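Good morning, and thank you for making the time. Please bring the model up on your screens, and I will walk through it slowly for those who are new to it.

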Amino acid sequence: AIGFLIFFLYFTCADGPIVDKLYREGLKPHYHALYLTVSAFQNNGLTMTPSSAMDFASSPILLNTIGALVVLGNTGLPIMVRL
């Protein structure tokens, strides 16, 4: 839920080339935020843009959120389930 909130707020409130590209490609902020959150948590490596996560290279907020979700979903969840 926190990952979705970070992505959604960034995609709706921030200005810049990332947000401009999402709107040019016709992506809705809430759907893209939800898809990116689930994809990162499951460590699928899938995004809705043809350039993958390369568009996020200039945004440490988005990259750190993706990294945290990958670690929590790929490594943290199985460890917590076994405890």
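Let me begin with a question: which residues does His32 touch, not counting residues up to four places away in sequence? Before I answer, please keep in mind that this is a predicted model, in which local features need pLDDT of at least 70 and side-chain atom pairs count only at pLDDT 80 or more, while totals for chains, interfaces and linings use all residues. Residues are numbered from 1 along each chain as its sequence is written, and side-chain values use heavy atoms, with hydrogens and water left out.

Now to the answer: with contact meaning heavy atoms within 4.5 Å, His32 touches Phe11, Leu22, Leu27, Met48, Thr49 and Phe56. His32 is found in helix 3, where helices are DSSP runs of H or I with at least four residues, numbered from the N terminus. At 2% relative accessibility His32 counts as buried, a word I use for under 20% relative accessible area, with exposed meaning over 50% and partly exposed in between, for a 1.4 Å probe and protein chains only.

Phe56, which His32 touches, is also buried, at a relative accessible area of 3%. Leaving aside residues up to four places away in sequence, Phe56 touches Phe11, Ile18, His32, Leu36, Leu62, Leu63 and Ile66.

Turning to the rings, the structure holds 4 aromatic pairs, where rings of Phe, Tyr and Trp (its six-membered ring) pair if their centres lie within 6.5 Å, and planes under 30 degrees apart count as stacked, over 60 as edge-to-face and the rest as tilted. Phe7 and Phe11 form a stacked pair, 6.2 Å centre to centre with 10 degrees between the planes, and, being 4 residues apart in helix 1, they are separated by about one helical turn. The rings of Phe11 and Phe56 have their centres 6.4 Å apart and their planes at 35 degrees, so this pair is tilted. It links distant parts of the chain, with Phe11 in helix 1 and Phe56 in the loop between helix 3 and helix 4, 45 residues apart. Ring pairs link Phe7, Tyr10, Phe11 and Phe56 into a cluster.

Finally, the charged groups: how many salt bridges are there? The count comes to 2, a salt bridge being a side-chain nitrogen of Lys or Arg within 4 Å of a carboxyl oxygen of Asp or Glu. Lys21 meets Glu25 at 3.8 Å, N to O, and Lys21 meets Asp55 at 3.2 Å, N to O. Lys21 lies in helix 2 and Asp55 in the loop between helix 3 and helix 4, so the pair ties together parts that are 34 residues apart in sequence. Lys21 is buried at 19% relative accessible area, whereas Glu25 is partly exposed at 34%, and Asp55 is partly exposed at 22%.

Methods:
Helix = DSSP H or I, 4+ residues; strand = E, 2+ residues; numbered from the N terminus.
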